[in-house]
Amino acid sequence: MSLVITPLLKKNLRDALKIYNYYINNSFSNFEEKKVSLGDFTHNYKNITKMKLPYLSAMIDEKLVGIAYLNKFRDKSGYRFVFENTIYIHHNYLKKGLGFRLLKKLITSSKKNKEIKKIVAVIGSIDSVGSIKVHKKLGFKNCGRLKNIGYKKGKWIDTIIMQKDL
């Protein structure tokens, strides 16, 4: 298994969207409740890359198996140096260390951008053990929990906030 992590290419957006939408339908890690359209996903990709933020792909034998990117944490100007990370691994490739390697590369790429001072992880509390473990391993600190802040599939979900200073 030869993993290659590179910037996500436009030609892989459809496969990236499949991974993203899988988590909308099958997990509590993404608080979206309806699948995202290719148009909306492409628009988000263009906005992120236009801001010179990292948007990475994990490829094994030319198959997309994971994505990771940064986006604005909040739109208010006082948050301009803070970015939220997003990371999703294809469900058939979980527990193989890909999330760790992808997040590590995302952090390395982020350090090249002087505007990025802090990265925040916003993690849904259901089935979050792996995500929390990966973030801790890479230096993220647990900053707190928002109780019953998200609602999906008839359940109230806590959000765990983790932060890394670059």
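Okay, let's start with Asp127, which sits in the loop between strand E5 and helix H4, residues 129-137. Helices and strands here are DSSP runs (H or I of at least four residues for helices, E of at least two for strands), counted from the N terminus. Quick housekeeping: this is a predicted model, so local features need pLDDT of at least 70 and side-chain atom pairs need 80 or more, while totals for chains, interfaces and linings take in all residues. Numbering starts from 1 along each chain as its sequence is written, and side-chain values use heavy atoms, without hydrogens or water.

Back to Asp127. Its phi is positive, about 55°, although it isn't a glycine. Buried or exposed? Asp127 has 74% relative accessibility, so it counts as exposed; the cut-offs are under 20% for buried, over 50% for exposed, and partly exposed in between, with a 1.4 Å probe and protein chains only.

Where else does a non-glycine residue have a positive phi? Lys153, again near 55°. Lys153 is in the loop between E6 and E7, and at a relative accessible area of 45% it is partly exposed. That loop is a hairpin turn: two residues separate E6 from E7.

Now the sheet. It's open, with seven strands in the order E1-E2-E3-E4-E5-E7-E6 and mixed pairing; a pair needs at least two DSSP bridges. Which strands stand at the edges? E1 (3-7) and E6 (141-152) do, each with a single partner, so one side of each has no neighbour in the sheet. From one strand to the next, the twist averages 25°. For all the angles and axes I quote, lines are fitted to C-alpha atoms, for helices over the stretch in contact, and angles between N-to-C directions run from 0 to 180 degrees.

Let's zoom in on E7, residues 155-165. On one side, E7 pairs antiparallel with E5, residues 118-124, over seven bridges. Val122 stands opposite Ile161 in E7, and Gly124 faces Thr159 in E7. Then there's E6, joined to E7 by eight bridges, also running antiparallel. In that pair, Asn142 is opposite Met162 of E7.

On to the helices. H2 packs on the sheet, touching E2 (55-60) and E3 (63-72), and its direction makes about 60° with that of E3. H2 (38-50) also packs with H1 at an angle of about 105°, axes 10 Å apart. Who meets whom? From H1 we have Leu13, Arg14, Ala16, Leu17 and Tyr20, and from H2 it's Leu38, Phe41, Thr42 and Tyr45. Contact here means heavy atoms within 4.5 Å.

So what's in the largest nonpolar core? It holds 45 residues, and Leu8, Phe41, Tyr55 and Ile67 touch the most other members. H1, residues 13-26, gives the largest share, seven residues. For the record, such a core is buried Ala, Val, Leu, Ile, Met, Phe, Trp, Tyr and Cys joined through side-chain atoms within 4.5 Å. Leaving aside neighbours within four places in sequence, Ile67 is in contact with partners including Leu8, Ala16, Phe41, Tyr55 and Leu102.

Last stop, His90, in the loop between E4 (82-89) and H3 (98-110). How accessible is it? His90 comes out at 14%, so it counts as buried. With neighbours within four places left aside, His90 is in contact with Ile19, Tyr23, Lys63, Val65 and Gly66. That's the tour, thanks.
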